[in-house]
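Please brief me on how the parts of this complex touch one another.

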2 protein chains.
Amino acid sequence: MAQITMEPDISVCAHANLRKAMRSVSQTYDAALKPSGLRATQFTLLAVLNNRGPMPLTQLADIVVVERTTLSRNLKPLERDGFVDSRPTADQRVRELVITRKGREVLKKAIPHWQEAQNRLRKKLGQAQWVDLLGALSATVDATQT
Amino acid sequence: MAQITMEPDISVCAHANLRKAMRSVSQTYDAALKPSGLRATQFTLLAVLNNRGPMPLTQLADIVVVERTTLSRNLKPLERDGFVDSRPTADQRVRELVITRKGREVLKKAIPHWQEAQNRLRKKLGQAQWVDLLGALSATVDATQT
DNA sequence: CTAAGAAAAGTGTATATACACATAAGAAGG
DNA sequence: CCTTCTTATGTGTATATACACTTTTCTTAG
């Protein structure tokens, strides 16, 4: 006999657990990055722009899997602080995002702190669980994006 | 020779990947819960209050691993809509949170939609990866909370 | 008992997030 | 060409998130 209605078991909810882990990890990474002045989310955006070169908003949104309109707003502080610049393109609808010299500098300063946060968590988890985590997250994104 | 400075490999960043997966999964669950009128985050809070009974704010914050001040604000819409009530206790500093009858009703209505989102994702991931995901997230919370 | 310290909760401010809707510009068909 | 469709982006509104700081109330040392 199947249960009819009941108490939803939140301990096996993918959403609740993802959110919980996200909050916990975000606090860790944000704290580690604090000396650099960057938030972890901002670090990610700068790193992508640095590694992959200038690109339009929509492309960046696709890469990091952020809603386009969210990204538009996330860029505000980075533009305000002069870490990211946007320049017009031939297609006048498109604005191409570029990391500035100042942006590269703050990124460079932040990298050791990010690395430190990475190392600490990887050590705490152990290599096997670290790999599991990244694998499971990747599979989850794939499963929800299609 | 170790690398000196370089491009941080965001594809192996626990934070970036967690955040990415969170966004993707949140959108899925929020969409599924839409007919109920609840956000996935709100569903989680109601479910905990329903399953574990009334409790003070701080305790709920500990359980769901949300910053206390965040939770305080997350409860606002639920109180406004009459899904959660807060009542004074002997200790006048404490306000005890209670799910209301209306809250239980909306929760009940939301459960099938939540279940549906759960099932869909579990099916897409497969049982093995589903278990991996929940295990990895749990381990991650443990690793960052200590 | 009272003063010092701890605990529970709220506020100010800032970022992060996304849906619904709006705008503007390029592309495509006739 | 011009209308229609599509693409790139922005705005309005609302929730989610957390740090620093404040307030109120208990608790505890003396």
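Between chain A and chain B, 20 residue pairs are in polar contact, both residues having pLDDT 80 or more. A polar contact is a pair of N or O atoms within 3.5 Å; within protein, one must be able to donate a hydrogen and the other to accept it, and residues adjacent in sequence count only if both atoms are side-chain atoms. Salt bridges between chain A and chain B number zero, where a salt bridge means a side-chain nitrogen of Lys or Arg within 4 Å of a carboxyl oxygen of Asp or Glu.

The model is predicted: local features need pLDDT of at least 70, side-chain atom pairs count only at pLDDT 80 or more, and totals for chains, interfaces and linings use all residues. Residues are numbered from 1 along each chain as its sequence is written, chains are lettered from A and ligands numbered from 1 in the order in which they are written, and side-chain values use heavy atoms, with hydrogens and water left out.

**Chain A against chain B**

- Contact (heavy atoms within 4.5 Å) joins 58 residues of chain A to 58 residues of chain B.
- The two chains bury about 5,300 Å² between them, and carbon and sulfur atoms give 69% of that area. Buried area is the accessible area (1.4 Å probe) that two parts lose on being put together, summed over both.
- P8(A), H15(A) and L18(A) supply 11% of the area that chain A buries against chain B, more than any other three residues.
- On chain A, helix 1 (14–33), helix 2 (40–52), helix 3 (57–64), helix 5 (101–125) and helix 6 (127–145) each give at least two residues to the side that touches chain B. Helices (H or I, at least four residues) are DSSP runs, numbered from the N terminus.
- Helix 1 of chain A has the largest share of that side, with 15 residues.
- By class, the side of chain A that touches chain B holds 33 nonpolar, 16 polar and nine charged residues. Ala, Val, Leu, Ile, Met, Phe, Trp, Tyr, Cys and Pro count as nonpolar, Asp, Glu, Lys and Arg as charged, and the others, Gly among them, as polar.

**DNA strand C**

- DNA strand C is surrounded by 29 residues, and the closest are Q27(B), T58(B), R68(B), R73(B) and R95(B). A residue is near a strand if one of its heavy atoms lies within 4 Å of it.
- An N or O atom in the side chain of R73(A) is 3.0 Å from a base nitrogen of DNA strand C.
- R68(B) places a polar side-chain atom 2.8 Å from a base nitrogen of DNA strand C.
- R23(B) has a polar side-chain atom 2.8 Å from a phosphate oxygen of DNA strand C.
- Helix 4 of chain A gives the most to the surface near DNA strand C, six residues.

**DNA strand D**

- Among the 29 residues around DNA strand D, the nearest are Q27(A), T58(A), R68(A), R73(A) and Q92(B).
- The side chain of R73(A) has an N or O atom 2.6 Å from a base oxygen of DNA strand D.
- A polar side-chain atom of R95(A) lies 2.7 Å from a phosphate oxygen of DNA strand D.
- Q92(B) uses a polar backbone atom, 2.7 Å from a phosphate oxygen of DNA strand D.
- The surface near DNA strand D has six nonpolar, 10 polar and 13 charged residues.
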